[in-house]
Amino acid sequence: MHIAIIGKGNVGSALQAGLSRLGHQVQAVGRDPQQIHQAALASELLILAMPFSAMDDVITALGVAADSKIVIDATNLLTESLHLADGFDTSGAEQLQARLPAARVIKAFNTCFASTMSSGHVKGEQLVGLVAGDHAPAKHIVLEIVDALGFDAVDAGPLLMARYLEPMALLNIRLGYVQGLGPDIGFRLVR
Ligand SMILES: NC(=O)c1ccc[n+]([C@@H]2O[C@H](COP(=O)([O-])OP(=O)(O)OC[C@H]3O[C@@H](n4cnc5c(N)ncnc54)[C@H](OP(=O)(O)O)[C@@H]3O)[C@@H](O)[C@H]2O)c1
């Protein structure tokens, strides 16, 4: 699959490594709007892996290039003081879907640390890979990718569930960086 990753930082580079290992054709791009647009045009699946504050710029750069594409939203809406910037009656992913109505937005990867994203494991333990979205075929493809990377892939429900996945990410971040557990942690779902 041809995949474009917007953002070449911790998340972008981890997912690029993992997805390349699986045999996908992965192009990671930075903040150049033309490169973002061209990479999106050339790809079937896009992954947003830049700060949420860059969302306006990225949506503008994507334009119609995101139409009919699967768009994985791995971003988190954090304030500088590591609190949730929005929630309860919306989520970053739902706002993204409203602004890219022809895209198939799927929330994934946001509840784990970048260091775990290429393998779905930490300290030999398999992490849960929670995936939410409204477009069933797109979500199925993302669940398969999350599983192939090594996660325990779980369908978390419609995109509205991003309202719960985004605070869950904040819990992960605060456990790691405020409570001092460090980034070698992650969530499992025992069932
Ligand atoms: N780090 C984690 O463990 C983790 C886990 C789950 C989710 N997330 C979320 O994933 C996203 C990326 O996190 P990260 O840790 O990878 O951040 P990061 O290491 O700071 O990398 C961010 C990347 O986005 C690029 N960027 C900045 N503004 C941009 C723009 N306007 N258009 C396109 N690209 C732009 C940056 O480019 P420059 O290098 O030019 O600034 C950089 O390559 C964030 O929303 C974060 O909340 C992070």
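Predicted model: local features only at pLDDT ≥ 70, side-chain atom pairs only at ≥ 80, totals over all residues.

Mentor: The buried residues of helix 1 are covered by, among others, strand 1 (2-6), strand 2 (25-29), strand 3 (45-48) and helix 5.

Trainee: Which residues of helix 1 are the buried ones?

Mentor: They are V11, G12, A14, L15, G18 and L19. Seen down the axis of helix 1, these buried residues fall within an arc of 165°, so they line one face of the helix. The face turned away from that buried side carries the exposed residues N10 and R21.

Trainee: What makes the span of helix 1 close to the expected one?

Mentor: Helix 1 has twelve residues, for which 16 Å is expected at 1.5 Å a residue, and its reach from the first C-alpha to the last is 17 Å. After helix 1 comes G23, with a positive phi near 100°.

Trainee: Why are helix 1 and helix 5 called roughly perpendicular to each other?

Mentor: The axes of helix 1 (residues 10-21) and helix 5 (residues 136-149) come within 10 Å and cross at roughly 90°. Angles of 65 to 115 degrees count as roughly perpendicular, and the two helices are therefore described in that way. On the side of helix 1 the contact is made by L15, G18, L19 and R21, and on the side of helix 5 by I145, A148 and L149.

Trainee: Turning to the loops, why does T90 count as buried?

Mentor: T90 lies in the loop between strand 4 (70-73) and helix 4 (92-99). Buried means under 20% relative accessible area, and T90 counts as buried because its relative accessibility is 16%. Leaving aside neighbours within four places in sequence, T90 is in contact with Q95 and R163.

Trainee: And why does T116 count as buried?

Mentor: The cut-off is again under 20%, and T116 counts as buried because its relative accessibility is 1%. T116 is located in the loop between strand 5 (104-107) and strand 6 (121-122). Not counting residues up to four places away in sequence, T116 touches H121, V122, L127, F151 and I185.

Trainee: How far is T116 from G129 in space?

Mentor: From C-alpha to C-alpha, T116 and G129 are 11 Å apart, with a separation of 13 residues in sequence.

Definitions and conventions
Residues numbered from 1 in each chain as written. Heavy atoms only, no water. Axes fitted to C-alpha atoms, helices over the stretch in contact; angles between N-to-C directions. Helix = DSSP H or I, 4+ residues; strand = E, 2+ residues; numbered from the N terminus. Parallel < 35°, antiparallel > 145°, perpendicular 65-115°, else oblique. Contact = heavy atoms within 4.5 Å. Expected span 1.5 Å × (residues − 1). Buried < 20%, exposed > 50% of the residue type's maximum accessible area, 1.4 Å probe, protein only. Arc of directions from axis to C-beta.
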